[in-house]
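Morning, everyone. Please take a look at the structure on the screen, and then we'll walk through a few parts of it.

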Amino acid sequence: NFDSFKDKLRAGAEIFQTLKNILRKNNLSTAVGDEGGFAPNLKGNTHALDLIEQATTQAGYKFGEEVFVALDIASSEFYQDQHYVLKKSDNSKFTSSQMIDWLVKLKSQYPIISIEDGCSQNDWDGWKLLTDTIGKAGMERALEDYLRGVDGVRAVENRHFQPFHIPGGAKKFQFSHLFTPGMQWRRCVHP
């Protein structure tokens, strides 16, 4: 149980350092990616979650009781021809519905509490389905891809936007993305 922000920060730092040691012991890269997380070549999509679970436990915390996972899927990066193609792992190819089913399956296997960018910014129907489905699975949705940038503004302006329930539409603690979603939100509410 974490009583303060200081306790939470310490746990995060301890898990991060433990994960770094696990990666080194397994001859995996400890170089960091664009947003400060490790970027090793792993066996598959769930391998990262397994390593995070291992690091959490080795650092002395309870995975799924004290520590939970928030995923940034970045699905716009692998959305091609109306399919999600997982080229960097097993080359799986998913429709929107199949992608969402896969995310819900992950939720049943790991303590995932939030999914960011679970659908491509250009997959309007997928976003509606994701929002309806993921909420029922007990996860938050961070809709950064859907609400950001020129595509989102243009979709709202051209009435391609399909209204749906957006609880907590802006990602917590990432303030750099708040301006554009707010602009689109105003356009949705007051077209």
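K93 is exposed, with a relative accessible area of 54%. Exposed means over 50%, buried under 20%, and partly exposed in between, using a 1.4 Å probe and protein chains only. This is a predicted model: local features need pLDDT of at least 70, side-chain atom pairs count only at pLDDT 80 or more, and totals for chains, interfaces and linings use all residues. Residues are numbered from 1 along each chain as its sequence is written, and side-chain values use heavy atoms, leaving out hydrogens and water.

Where does K93 sit? In strand β4, residues 92-94. Strands here are DSSP runs of E, at least two residues, numbered from the N terminus. Setting aside neighbours within four places in sequence, K93 is in contact (heavy atoms within 4.5 Å) with H83, Y84, V85 and Q98.

Now to β5, residues 112-116. Four of its five residues are buried. β5 pairs with β1, residues 69-72, in the parallel sense over four bridges. Pairing requires at least two DSSP bridges between the strands. A70 stands opposite S114 in β5.

Finally, β1 itself. V69 and L71 form its covered face, A70 and D72 its uncovered one. In a regular strand, side chains alternate between the two faces of the sheet.
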